[in-house]
Number of protein chains: 2
Amino acid sequence: VTAADAPGAFPTSAAIVGVGLIGGSLAMRLREVGVHVTGIDRDPAVLDQAKARGVIDEGTTDLDAVADADVVIVATPLAQVVQTGVAAAQRMRPGAVLTDVGSVKASVVAAIDAGLPAGVRYVGGHPMAGNEKQGIGAADAALLDDRPFVLTPTERTDPGAVDLLRAMVVRLRMRPVILDPAQHDELVAQASHLPYLVSLALERSVGEDARTVAGPALVQMTRIARSPLALWDQICRANREAILRALMRFETELAAVRRDVEQMTPR
Amino acid sequence: VTAADAPGAFPTSAAIVGVGLIGGSLAMRLREVGVHVTGIDRDPAVLDQAKARGVIDEGTTDLDAVADADVVIVATPLAQVVQTGVAAAQRMRPGAVLTDVGSVKASVVAAIDAGLPAGVRYVGGHPMAGNEKQGIGAADAALLDDRPFVLTPTERTDPGAVDLLRAMVVRLRMRPVILDPAQHDELVAQASHLPYLVSLALERSVGEDARTVAGPALVQMTRIARSPLALWDQICRANREAILRALMRFETELAAVRRDVEQMTPR
């Protein structure tokens, strides 16, 4: 079932809990496509800024406000996703759909599923969007364009909730990708967490003097290394085993590249 | 002495030998700032395309045409730079200035200096610009904006030639950086050649299935890996020792990153 098949399934109201880079960007795009967006954040200054920028329709520090939404999106830092998701679920109305944007899914999905009250439908989510910045000031709906938005249903997940979120993702102008939570963690270790760690090592290995001759490749490849360490610390803890496997794949390929260079003869 | 100090020192005519991605981009910007540009390429089709796009004022396959230029820029693939530079120098008029855009400088500068006829002034050059593409079709003056353009004079180099090229670089809207040729090679091994090899290893280590969830960081970090292998093969051969040193620095930092992840405890 897609939005075109069942127009009534598309949400008309959403609550975003955590109005930062990703939450804010999702809020902007949701408003663009006609969804009424309530921003919930523990920092009133963030809500003021979000309202001033037109990112949200209304803002509150009270989590009870999730009761009015068809869809609730938890977009806090990863370390707070489970606690916030379970607390939001207790306050949601029956039939509403809960998702989150945490970068790691197996542990998050298991923990939220375990704390879910009857009637609330949850599907893990992960929009593969963003940049090295953070906070509402950096939110930008264009960051979402054509990016994958992973949904991670399990055997326990209500198929109608997946359909509704898939329709929402398409309206966000993103690409829905359905994966098992553990499979998600394995793939993003390679496609997202590994690139960050490689960028960090590259950034640290290039001397200050070499930066005077930096070409476009170095600039592009070290941009993500400037994203907040605390954010990545949470991700690495939560997805440590898959990340170490991805690092090993990379080290194997790097060793092969080194051998190729070692075996070259000057021309 | 800068262009502002000595307006007469700025070249009014240039010959670009090798009208590809970099040669074509330089030609476009030189024409924008009022320099008459002759394109020289062994492929007449390239010259036709360059003329059709307005990249050059005139084109010829005859290297003798360098005789009319104040400045001659050799922008062939690295493997042909020395031979082409020496051949061009034999045909240049006394007092004219020769430079090149080769990605490696110590060996190139020594070889061209050794083949230089009296009266022709040579300064090694390296504009830190470009992308993963190649050929005149990808030439774009905007690639040059605010990028470093390294000049590598030696004790043998005429200072007036350095001044003239520095003034030209500023007019190209690039940033002149003066380095010893060996120092250049050491720094670009870190800032340009290492990022390429890291990008290549990353590209090879990410599985096909993981690409379905690729975020912006992976896309940015593997773009340069798609540049022509043959081009990088020449660079790695010519700068092998400095590249292996840069790889070792990176491997040390990557090992430290791995240890940090290994020592993490899940939260």
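Guide: Helices and strands here are DSSP runs, numbered from the N terminus: a helix is a run of H or I over at least four residues, a strand a run of E over at least two. Before we start, this is a predicted model, where local features need pLDDT of at least 70 and side-chain atom pairs count only at pLDDT 80 or more, while totals for chains, interfaces and linings use all residues. Residues are numbered from 1 along each chain as its sequence is written, chains are lettered from A and ligands numbered from 1 in the order written, and side-chain values use heavy atoms, leaving out hydrogens and water.

Visitor: How is helix α5 of chain B placed against β8 and β9 of chain B?

Guide: Helix α5(B), residues 159-171, lies across both strands and runs at about 150° to β9(B). Axes are lines fitted to C-alpha atoms, for helices over the stretch in contact (heavy atoms within 4.5 Å). Angles run from 0 to 180 degrees between N-to-C directions.

Visitor: What makes β8(B) and β9(B) a pair?

Guide: Two strands pair if DSSP finds at least two bridges between them. β8(B) and β9(B) have four and run parallel, so they qualify. In one of those bridges, Phe149(B) is partnered with Pro176(B) of β9(B).

Visitor: Which strands make up the sheet, and in what order?

Guide: The order is β7-β8-β9 in chain B, an open sheet with mixed pairing. β7(B), residues 124-127, and β9(B) each have a single partner strand, so one side of each lacks a neighbour in the sheet and they stand at the edges. Neighbouring strands are turned by 25° against each other on average, direction ignored.

Visitor: Why is the link between Arg258(A) and Glu251(B) called a salt bridge?

Guide: The rule wants a side-chain nitrogen of Lys or Arg within 4 Å of a carboxyl oxygen of Asp or Glu. Here the closest N and O atoms are 2.9 Å apart, so the pair passes. The rule finds two salt bridges across the interface of chain B and chain A.

Visitor: How many residues take part in the contact, and how much area is buried?

Guide: Each chain supplies 61 residues. About 5,800 Å² is buried, 66% of it from carbon and sulfur atoms. Buried area is the accessible area (1.4 Å probe) that two parts lose on being put together, summed over both. In chain B, Val213(B), Arg237(B) and Arg258(B) lose the most area to chain A, together 12% of what that side buries.

Visitor: Which residues of chain B does Arg240(A) touch?

Guide: Leaving aside neighbours within four places in sequence, Arg240(A) is in contact with Val261(B), Glu262(B) and Met264(B). Arg240(A) sits in helix α9 of chain A, residues 240-262.
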